[in-house]
Amino acid sequence: MRKIILTLAATMCIIASQAAEAIVERPAQKSATSFAVVIDATTYDKCRAEVAAYRDALTKDGLAVYTISAAWSSPEQVRAELAKLYKSNAKKMPLEGCVFIGDVPYVSVQNAQHMTTAFKMNEERFPIDEASVTSDRFYDDLNLKFEFIKRDSLDNLRYYYKLSEDSPQHLNPTFYSGRIHYPEQMGGDKYEATAKYLRKVVAERERQEQIDYMVTFAGAAYNSDCLVTWMDERVMLDEIFPQLNRNDYLALKQLNFRMHNYNMTYRLFAELERDEVDIMLFNEHGSPDKQHISGEGQIESFDARLDALRSTVFSAIRREERKGEKGDVEGAKAYFKERYHLTDKFFEEYYNPTPSTKDPDDLNLEDLNSHKLNPRFVVFNACYNGSFHQPGYVAGSYIFGDGRTVVAQGNTVNVLQDRWTYELFGLLTHGVRVGQYNRMIATLEGHIIGDPAFRFAPTVEGSLAQDMVTKKVSNGKKANLKNVVYWSSLLNAPNADVQSLALRMLSDGGAISAKELLNKYRTCNYATTRMECLKLIMRFGSCPESIAAVSEALYDSYEVVRRNAATYAWMLGAEELADEITDVMINYPESQRVGFILNRAMEMLPEQVAMAAFDKAAAATHYPVKENIEALRKYQLRSQKSKQSEMECLFNSEEKLAARISAIRGVRNNTYHEYVPQMIALVNDEAQPMELRVAVVEALGWFVASPRKAEIIAACEALKSTDKALAAEAIQTINRLK
């Protein structure tokens, strides 16, 4: 193999692509893995020195760095360059990740909502800019296939693509990625801001700090404000970050919106400005330009009642102000004056707020931009905070601010409250890059904002970061036997997330069975590793092992395991689980999110099965408040009647088409397994409207763990030679259920 020349000037290779002349600068030295800096030509020209310093810092950190620049003409050109680089480096220096700096086109995806955790907007009835998911999975998951729709008429960086029906329907990113995109709402020169950010990244990389200080925050109305959920967070943190469990209160702080008279914004800024904090993790609700923090607390004093009144009144006035000319601020003030006998003096505080009267509910962009935010890595387990395609977005204010924050993880659309927030999070303490971590938990909406190759100094020596790239297990390839042996050797490592990673690598390569995973679940003392076992078992769909695992996991000591087991219970729709579902729902009401999800699991069961199990559990319970049980029973009956009414609407040809389509769209969230035969019959009925038949086939694609999955696949196979739209949807549903 020809030696790579060491001087950068001598090794620059200019490649003229057929689309628009991309310039590829090759790395100055070899390494076990490689990384690509993808940047637009103008940003590169104006930030060349800073990009070079960033490249050198990455090289020092063990990466062979390619720099690819162009006046990018389309997302497909960018993807082609990355695909070419990945293919050419597959054996010698595998591409592990990339970063997009500046004005690199981005893609908003249609027809892929099943790859998100929660987003389900009607793509036919809402504008394309609202009903699409902006996602860099277009670039970093080369397995996926897309079809071009159009370029945005207002944003010249935004392109719309549709996920092809014959594409793989599950995310499996080829490498990781990140975005360094300056929010124009921050003002100033975006090129200087980008250069300043790169200088900050280089400086932070020089520090080589370990994770020894962390802060977590639980916002209002998140996870049903369940205290069991918040309490069990500590179980996980002690397992995956054992170095924080030391005699130092400042090492780990778990904050909750209930603290400090339910006004946490000032306390949060105090934590965010602490120089030593390495990671800040927010579990909250969010918007592109806000972090929603506080809520109304218990009214225990006169001052608390006064604060609650101020919050209610001032929020109403702000809503009117935001309406602009259509708002009626004076009318709102007059209403509250009459209702609560308020004087003009009360409203003076609105226009001249003091720390006690300023809106406590949000952290907005103005607030964030006026503080130095220092945690090196910030995680937003929240909706929209990572919307890098917006003029202003929360994650952008963090990394481009004057503080030490260099990387964030956030979502471009809404995200499920019950996602497993901390999956494999502890790998960061082993020197794993944040991009590698994000790739392992990929969703369509989840992105790294900032330097995705950033990592903390390991507290435990090892080569996991490199091994995750160079020792992948490929199903059916004998050459990977040594990799199977390697990951198998880590199944009993003295660390929860190392064990979890080993399980994941083996599972991705098809080198571990459902039976082996179930046995590992039953014998493992690490709560987070048991959760990984449960998740991986569910890849096998409805089978004896998955039903047994869920049955046992509903009683697990770790709330996250119980909560996910509840979700898997409704996905499986297994009547064998009816007794466990009702027992946990009735006798363990303190786990609010578990009970909330089990209500759905009950609705997925046939009424006779569900109510018989409920009555059996109710008769045996020692739970003292019988009125509560009766109320819960009535709720279950109402849910069953609602299901039946919805399905009657779907199957009734006399109903309006819009109502029937609305009914089948509801099945995306509620997989009514008992009605699958009737849905298949509707699909096969040529007298039914084609739009409805297509919608039903699409809905059947959400039955990924159903015991009726084989029936659905067989029915869809028979549709391949029918109407073009129906056949395409059938192909997509088959690929989703495989």
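This is a predicted model: local features need pLDDT of at least 70, side-chain atom pairs count only at pLDDT 80 or more; totals for chains, interfaces and linings use all residues.
Visitor: Which residues touch the most other members of the largest nonpolar core?
Guide: A nonpolar core is a set of buried Ala, Val, Leu, Ile, Met, Phe, Trp, Tyr and Cys residues joined through side-chain atoms within 4.5 Å. Buried means under 20% relative accessible area, with exposed over 50% and partly exposed in between (1.4 Å probe, protein chains only). Among the 174 residues of the largest core, those touching the most other members are Tyr54, Phe377, Tyr398, Phe425, Val550, Ile581 and Met679.

Visitor: Which helix gives the largest share of this core?
Guide: Helices here are DSSP runs (H or I, at least four residues), numbered from the N terminus. With 8 residues, the largest share of the core comes from helix H21, residues 559–572.

Visitor: How many residues are in the other core that lies apart from it?
Guide: Ala36, Ile68, Leu82 and Val413 are among the members of this other core. Its residues number 33.

Visitor: Is Ala565 buried or exposed?
Guide: Ala565 lies in helix H21. Leaving aside neighbours within four places in sequence, Ala565 is in contact (heavy atoms within 4.5 Å) with Leu534, Val550, Ala553 and Leu554. Because its relative accessibility is 0%, Ala565 counts as buried.

Visitor: Which residues is Val560 in contact with, beyond its neighbours within four places in sequence?
Guide: Val560 is also in helix H21. At 12% relative accessibility, Val560 counts as buried. Its contacts, with those sequence neighbours left aside, are Trp420 and Met531.

Visitor: Is Arg530 buried or exposed?
Guide: Arg530 lies in helix H19, residues 527–537. Not counting residues up to four places away in sequence, Arg530 touches Tyr521, Cys524, Asn525, Asp556, Ser557 and Tyr558. Since its relative accessibility is 9%, Arg530 counts as buried.

Visitor: At what angle do H22 and H23 pack?
Guide: Axes are lines fitted to C-alpha atoms, for helices over the stretch in contact, and angles run from 0 to 180 degrees between N-to-C directions. Helix H22 spans residues 578–587 and helix H23 spans residues 592–604, with their axes 9 Å apart. The packing angle is about 145 degrees.

Visitor: How many residues in the contact of H22 with H23 are nonpolar?
Guide: Ile581, Thr582, Val584 and Met585 in H22 meet Val594, Leu598, Asn599, Ala601 and Met602 in H23. Ala, Val, Leu, Ile, Met, Phe, Trp, Tyr, Cys and Pro count as nonpolar, Asp, Glu, Lys and Arg as charged, and the others, Gly among them, as polar. The contact has no charged residues and 2 polar ones, and the nonpolar residues number 7.

Visitor: How many disulfides are in the whole structure?
Guide: A disulfide is a pair of cysteine sulfur atoms within 2.5 Å. For Cys226, the closest cysteine sulfur, in Cys383, is 19 Å away, too far for a bond. A search of the whole structure gives a disulfide count of 0.

Key: Residues are numbered from 1 along each chain as its sequence is written. Side-chain values use heavy atoms; hydrogens and water are left out. Helices (H or I, at least four residues) and strands (E, at least two) are DSSP runs, numbered from the N terminus.
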